[in-house]
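Here is a short briefing for a reader new to this structure. Keep the sequence and the 3D view at hand while reading.

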Amino acid sequence: MLEVRPATRTDAPAMADLINAIITPGGTTAYEDPFDPAALDAEFISLPQLVSCFVAEEDGVIAGFQSLTRAFADDPLPDNWASIATFTRIGLTQRGAGSALFAQTLRAAREAGITTIDATIRADNTGGLAFYSRLGFGDYAALRAVPLKNGTPVDRIRKRFDIV
Ligand SMILES: CC(C)(COP(=O)(O)OP(=O)(O)OC[C@H]1O[C@@H](n2cnc3c(N)ncnc32)[C@H](O)[C@@H]1OP(=O)(O)O)[C@@H](O)C(=O)NCCC(=O)NCCS
């Protein structure tokens, strides 16, 4: 049975393992470098821009996590927007972890006064695009030819979810 709860700093090592397994083969997340627990904590759990970070746990194993953050200086967004990121453990996808996380993220967003959730997704991440579309996100912009570390240009699709 999946349980969704707020992430704590003690989850950082397990969350780092989970995301590193997604980063290493490449092709989906925009993150290209693996995280150690301190970097994971700083990026997803303990940052000042954080609105919420939840983990979905099944029998003591973290199946996925989802964070929601207000904008960073290098990518400004309108007031009361926040950006979402979701990671489900390889082997446990398409079993409801992402949507269970989103139910709690949406509640936290509402409580924080967020009006719009942005999801910025690599254009080659067909699974990620399908996931956010299924949750009700719609396209609103595209960032063209953002280079990966090796210089390969990859478009980013920006989707939004308006909280009514
Ligand atoms: C994208 C991702 C977060 C989806 O998480 P998940 O736990 O598999 O999502 P869920 O099982 O809750 O799926 C919710 C809905 O999206 C659909 N969906 C999820 N992944 C999909 C895929 N790859 N292709 C098509 N539909 C997909 C599900 O079928 C489900 O639809 P339903 O409600 O009709 O059953 C997961 O695949 C992942 O971690 N990918 C790698 C990292 C990444 O790309 N993150 C997104 C960018 S931040």
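Asp11 sits in the loop that links strand E1 (2-6) to helix H1. The model is predicted.

- Is Asp11 buried or exposed? Its relative accessibility is 7%, so Asp11 counts as buried; the cut-off for buried is under 20%.
- The side chain of Asp11 forms a polar contact with the side chain of Arg5, at 2.9 Å.
- The Asp11 side chain also reaches a backbone atom: the nitrogen of Thr8, at 2.8 Å.
- Leaving out residues up to four places away in sequence, Asp11 touches Arg5, Pro6, Val55 and Ile62.

**Helices H1 and H2**

- Helix H1 covers residues 12-23, and helix H2 covers residues 37-45.
- The two helices pack at an angle of about 90°, and their axes are 8 Å apart.
- H1 and H2 are therefore roughly perpendicular to each other, since angles of 65 to 115 degrees count as such.
- From H1, the contact uses Ala12, Pro13, Met15, Ala16 and Ile19.
- From H2, it uses Pro37, Leu40, Asp41, Phe44 and Ile45.

- Which residues of helix H4 (residues 126-135) are buried? They are Gly128, Leu129, Tyr132 and Leu135.
- These residues span an arc of only 130° around the axis, so they lie on the same side of H4.
- Thr126 and Arg134 are exposed on the other side of H4.
- The buried residues of H4 pack against two strands named here, E4 (81-88) and E5 (116-122), as well as against helix H3 (97-111) and strand E7 (153-162).
- Just after H4 comes Gly136, with a positive phi of about 110°.

**Thr88 in strand E4**

- Thr88 is part of strand E4.
- Thr88 counts as buried because its relative accessibility is 16%, and the cut-off is under 20%.
- Which residues does Thr88 contact, leaving aside neighbours within four places in sequence? They are Leu18, Ile22, Ala63, Gly64, Thr93, Ala97 and Gly98.
- Thr88 and Val55 are 33 residues apart along the chain, and their C-alpha atoms are separated by 9.6 Å.
- Val55 is also one of the residues that Asp11 touches.

- Gln94 has a phi near 55°, a positive value in a residue other than glycine.
- Where does Gln94 lie? Gln94 is in the loop between E4 and H3.
- Gln94 is exposed, with a relative accessible area of 84%; the cut-off for exposed is over 50%.
- Ala145 is a residue other than glycine with a positive phi, near 50°.
- Ala145 belongs to strand E6 (residues 138-147).
- At 41% relative accessibility, Ala145 counts as partly exposed.

How values were computed. Residues are numbered from 1 along each chain as its sequence is written. This is a predicted model: local features need pLDDT of at least 70, side-chain atom pairs count only at pLDDT 80 or more; totals for chains, interfaces and linings use all residues. Side-chain values use heavy atoms; hydrogens and water are left out. Buried means under 20% relative accessible area, exposed over 50%, partly exposed in between (1.4 Å probe, protein chains only). Helices (H or I, at least four residues) and strands (E, at least two) are DSSP runs, numbered from the N terminus. The arc is that of the directions from the helix axis to the C-beta atoms. Contact means heavy atoms within 4.5 Å. Axes are lines fitted to C-alpha atoms, for helices over the stretch in contact, and angles run from 0 to 180 degrees between N-to-C directions. Angles under 35 degrees count as roughly parallel, over 145 as roughly antiparallel, 65 to 115 as roughly perpendicular and the rest as oblique. A polar contact is a pair of N or O atoms within 3.5 Å; within protein, one must be able to donate a hydrogen and the other to accept it, and residues adjacent in sequence count only if both atoms are side-chain atoms.
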